[in-house]
Amino acid sequence: MLLGTSYQLAWQKTLNKIPGASMANQPYVDKWGEQEREPSLALRLIENFVSPGYLSKAESDGVERELQGLYERVQDDAVLPRDAAKYFAFEGQRIDLTAEQYTEFATVRGQTAHGLLAKLFESQAYREMNDQGRAGAVADVYDAANAAAKEAVSAYTPEGWMRDVLRDPVETLAERQTKREEQRVVDAFRENLYGAVLSGDEALALDCVEGLRLTGRDKGDIKSSLSGKFDDEYRAAYEAGDMATVYRIEDMLIGLGVGFKVSDFLKWAGE
């Protein structure tokens, strides 16, 4: 099971093993919102004999097995469940949870996350995602579950995509993953375009412009991103008297056909 509790939670679990002490202590809530109940005396004696620590009763299920496999493939801690925080920010203020609030917060957060992940992992949409997309969807689930837990203990209300994940997890997560993939393609075209302009590779630069247009980016968007990338570099070359770089950037950007004019370069140069 994906455990690894903090010192405080380990101490809380220790208190739960001491007859009487657990009465004044909130129940330990694991990462999936399940509360540990105090075992019978016979079972407690067996557990203490087997292990001086605390034996978890929760066995690995399909959700945890999928998370474990995904983690082994992507090596990203964001796919692993974590202990609930003892506070959160709301409307610019820090909300520190009481013991009772923490129990409710951790319970709602964990159970919501487990339920959403179970639905996600059973879906065709999840099976069609690559591992990077799956990791992103899992991270989104944790964020949405945290939002649901905040709502349970405060006046906070989930909005936007987190609200949608709580209502329709599979479709919403699939849509978010599609948008992420599209953005990765756009970012790749932009990075290649920047490199092509710097190196003077006109053919590659034109291919990247065409790729960006196919993803729905218009000339204004392409020009704006290039301006943000090259205005400082152009100005530095101009001030340093590096006219070879100045002319190369001018020729390349004008040749892309996205709207660059001589007036743009004069503005960059401060003329």
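Start by selecting glutamine 35: this residue is partly exposed, with a relative accessible area of 35%. For this label, buried means under 20% relative accessible area, exposed means over 50%, and partly exposed lies in between (1.4 Å probe, protein chains only). The model on screen is a predicted one, in which local features need pLDDT of at least 70 and side-chain atom pairs count only at pLDDT 80 or more, while totals for chains, interfaces and linings use all residues. Residues are numbered from 1 along each chain as its sequence is written, and side-chain values use heavy atoms, with hydrogens and water left out.

**Around glutamine 35**

Glutamine 35 sits in the loop between α1 (7-16) and α2 (41-50). Helices (H or I, at least four residues) and strands (E, at least two) are DSSP runs, numbered from the N terminus. Now show what surrounds this residue. Apart from neighbours within four places in sequence, glutamine 35 is in contact (heavy atoms within 4.5 Å) with Pro27, Tyr28, Val29, Thr103 and Thr107. Select threonine 103 from that list. From C-alpha to C-alpha, threonine 103 and glutamine 35 are 8.7 Å apart in space, and they are 68 residues apart in sequence.

**The whole chain**

Zoom out and colour by secondary structure. The protein has 12 helices and two strands. Read from the N terminus, the elements run α-α-α-β-β-α-α-α-α-α-α-α-α-α. There are 271 residues in the protein, and 38% of them count as buried. Among contacts with a separation of 6 or more, 62% are between residues 24 or more positions apart. The accessible surface comes to about 15,000 Å², and 51% of it belongs to carbon and sulfur atoms. These areas come from the Shrake-Rupley method with a 1.4 Å probe; for residues, only the protein chains shown count as cover.

**Salt bridges**

How many salt bridges does the structure hold? The structure holds 12, where a salt bridge is a side-chain nitrogen of Lys or Arg within 4 Å of a carboxyl oxygen of Asp or Glu. Side chains of opposite charge can pair when their charged atoms come close.

Select lysine 31 and aspartate 83. Their side chains meet in a salt bridge, at 3.1 Å from N to O. This pair links distant parts of the chain, 52 residues apart: lysine 31 is in the loop between α1 and α2, and aspartate 83 is in the loop between α3 (62-74) and β1 (87-90). Lysine 31 is buried, with a relative accessible area of 9%, whereas aspartate 83 counts as partly exposed at 22%.

Next, select arginine 73 and glutamate 66, whose side chains form a salt bridge at 3.8 Å, N to O. Arginine 73 is partly exposed, with a relative accessible area of 45%, and glutamate 66 counts as partly exposed at 22%.

Move to arginine 190, in helix α8 (residues 169-199). Is arginine 190 buried or exposed? Arginine 190 is buried, with a relative accessible area of 16%. Residues up to four places away in sequence aside, arginine 190 touches Gln183, Leu212, Arg217, Asp221 and Ser225. One of these, aspartate 221, forms a salt bridge with arginine 190, with the closest N and O atoms 2.8 Å apart. Aspartate 221 lies in helix α10 (residues 219-240) and arginine 190 in helix α8, so the pair ties together parts that are 31 residues apart in sequence. Aspartate 221 is partly exposed, with a relative accessible area of 29%.

**A charged patch**

Select Asp201, Glu202, Asp207 and Glu210, which form a negative surface patch. Patches are made of residues with over 30% relative accessible area and no salt bridge; like charges are joined within 9 Å, and nonpolar side chains (Val, Leu, Ile, Met, Phe, Trp, Tyr) within 5 Å. Lys and Arg count as positive and Asp and Glu as negative, with His and the chain ends not counted. The place of a charge is taken as NZ of Lys, CZ of Arg, CG of Asp or CD of Glu. Aspartate 207 is exposed, with a relative accessible area of 53%.

**Two backbone angles**

Most residues other than glycine have a negative phi. Select glutamine 75, in the loop between α3 and β1: although not a glycine, glutamine 75 has a positive phi of about 55 degrees. Glutamine 75 is exposed, with a relative accessible area of 53%. Finish at glutamate 91, in the loop between β1 and β2 (93-96). Here too phi is positive, near 55 degrees, in a residue other than glycine. Glutamate 91 counts as exposed at 68% relative accessibility.
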